[in-house]
Amino acid sequence: MAETVLTNKRRIELLEMRGIVKRFPGVLACDQIDFTVKSGEVHTLLGENGAGKSTLMKMLYGLYQPDEGEIRINGKVASIRSPQEAIQSGIGMIHQHFMFVPSLTVAENVALGLKTSFGSMLDLKEISKGLSALSDRYNLKIDPDIPIWQLAVGEQQRVEILRAIYKGADLLILDEPTAVLTPQEVDDLFRILNQMRQDGHALIFISHKLHEVLAISNRITVLRDGAQVGMIDVEEATKQNLAEMMVGRPVVLQYDIPPLERGSVRLELNQVSARSNRGNLGLNDVSLSVYGGEIVGVAGVSGNGQQELAQVIAGLRPIEAGTITVNGQNISGKSPEKMNSLGVSYIPEERMVDGVIKEFTVAENLILQDHWREPFANNGLMLNFNVIQDACRQAIKDYEIKTPSTETPIKSLSGGNIQKLVLARELARNPQVLIAAQPTRGVDIGASEYIHQRILAERETGTAILLISEDLDEIRALSDRIIVMFEGRIVGIVERKDVNIQALGAMMAGVH
Ligand SMILES: Nc1ncnc2c1ncn2[C@@H]1O[C@H](COP(=O)(O)OP(=O)(O)O)[C@@H](O)[C@H]1O
Ligand SMILES: [Mg+2]
């Protein structure tokens, strides 16, 4: 093939989507979206949850039909009525949930998908050989003859990529591929995508993680609430302007924190030990004081005692030894209700399990544990419906909780909105002590910033705050002091001004 043809090909858009509209009952999921991709580039779709990214891609992959608009491939109008037709047009899609028969090998799984189009004339050895060659070419490190069940999640994803390339995908859609990967696996994936880009594949990458988007994209299109906010080249993109486009207002990525005004000791743990669910000492001889007006961050790799720490303070896990005091009062072994009435609020890590009752409405969840108290009830019996409704409407407004009504079942809200609801309820009690465990995990940037501002405001009112997070950026942004946990023990305490990221990382890994 002549070189000129190739360079020419690189210049035109392989894919053009013009004026794409998709409506669902009550939702305009995509509103006049234009989106184009060239061969040899990564064009990222960036947007918060519900922005319309997956819907747009499902139309390209033939899973949905657009209500309006046109799709062109290599300049020709394409009507893509099914994934089979998408594949015939050279489009592949990597979903978050992989579709394999686990007991079959990689090659057999690929063969399965081919059967429908090529009949039964399949030579498994041929396929295996072809897959091997592609695996080497893209450094996928996949053995085609290994059964799927033996592969880790990251490897299964690479099999999906391999399968798509094998079926001839020139254009590959990756819908939030990094959500299921470890940081190491993300690096591997990006190396593969780079190789594919160099080979002239067109790639559509979907994410809402800004550092990833900046690392892999050529162009970035931002969607918000179904509308196209803009498109920029990666050279013009910064975390700040991308966040602002995504959220629709300036977003603070670094906070201005007023100087610490330490009050008295609010929370004290003295040589506390507790068993984990596995029966070993998940919390081992931990001593710690948290003062009013202070945020103490707890850093550590997940599973090193952080969850046990939060749970013993919240009264959800018995302790084996030691004492816990709140405002000087010994509270060891008290129930969650008692802890609550002593002024301990808890934002749990597992919010769908410990934070809300799934079957209940927004309103019911907002007054959980307080429903028997004034002003929501008289004499612990009669519920004041109007008072409850007013309080709920106020919380929804104050915390910008997106819900159709106060009577909506909580389970139909997005993760970020559920988290804001839990925060609203826990802070409404004017806590003396706040335990916030992974408060922004799985939460959009806009909602994260909001939650951070609320936690900082709580610090200003003199609450003692324990912030447990696996996100080191979050810990560093908010904490006055950082403690590091490893294997159930506190292995380091660092003041805000002395934070050194390498040293923190080493402590987290158990290196002293
Ligand atoms: N099959 C569907 N039926 C009804 N509404 C849907 C459907 N799929 C998506 N939506 C709605 O369309 C909007 C965009 O969703 P989606 O494309 O999944 O967003 P994203 O992938 O950016 O998180 C959301 O409001 C979502 O609730
Ligand atoms: Mg999506």
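Helices are DSSP runs of H or I with at least four residues, numbered from the N terminus. The model shown in these views is predicted.

**View 1. The shell around ligand 1.** Helix α2 gives the most to this shell, with three residues. Both α2 (53–60) and β2 (27–38) supply at least two residues each. Around the ligand stand Phe24, Val27, Ala29, Gly47, Asn49, Gly50, Ala51, Gly52, Lys53, Ser54 and Thr55. By class, the shell around ligand 1 holds six polar, four nonpolar and one charged residues.

**View 2. Packing of helices α15 and α16.** Helix α15 spans residues 415–428 and helix α16 residues 445–460. The two pack at an angle of about 15°, and their axes lie 10 Å apart. Angles under 35 degrees count as roughly parallel, so α15 and α16 are roughly parallel to each other. The crossing of α15 past α16 is left-handed. From α15, Gly416, Gln419, Lys420, Leu423 and Leu427 take part in the contact. They meet Ala447, Tyr450, Ile451, Arg454 and Glu458 of α16. The residues of this α15–α16 contact comprise five nonpolar, three charged and two polar.

**View 3. An open sheet of four strands.** The strand order is β12-β11-β14-β15, with antiparallel pairing. β12 (281–291) and β15 (329–330) are the edge strands, each pairing on one side only. Strand β14 (residues 321–326) pairs with β15 over two bridges, in the antiparallel sense. Valine 326 has glutamine 329 in β15 as its bridge partner.

**View 4. Helix α10 on the strands.** Helix α10 (residues 306–314) lies across β11 (265–275), β12 and β14. It runs at about 65° to β12.

Key
Residues are numbered from 1 along each chain as its sequence is written. Chains are lettered from A and ligands numbered from 1 in the order in which they are written. This is a predicted model: local features need pLDDT of at least 70, side-chain atom pairs count only at pLDDT 80 or more; totals for chains, interfaces and linings use all residues. Axes are lines fitted to C-alpha atoms, for helices over the stretch in contact, and angles run from 0 to 180 degrees between N-to-C directions. Angles under 35 degrees count as roughly parallel, over 145 as roughly antiparallel, 65 to 115 as roughly perpendicular and the rest as oblique. A crossing is left-handed if the near helix is turned anticlockwise from the far one by less than a right angle, and right-handed if clockwise. Two residues are in contact if their C-beta atoms, placed from the backbone, lie within 7 Å. Ala, Val, Leu, Ile, Met, Phe, Trp, Tyr, Cys and Pro count as nonpolar, Asp, Glu, Lys and Arg as charged, and the others, Gly among them, as polar. A residue is near a molecule or strand if its C-beta atom, placed from the backbone, lies within 6 Å of it. Two strands pair if DSSP finds at least two bridges between them.
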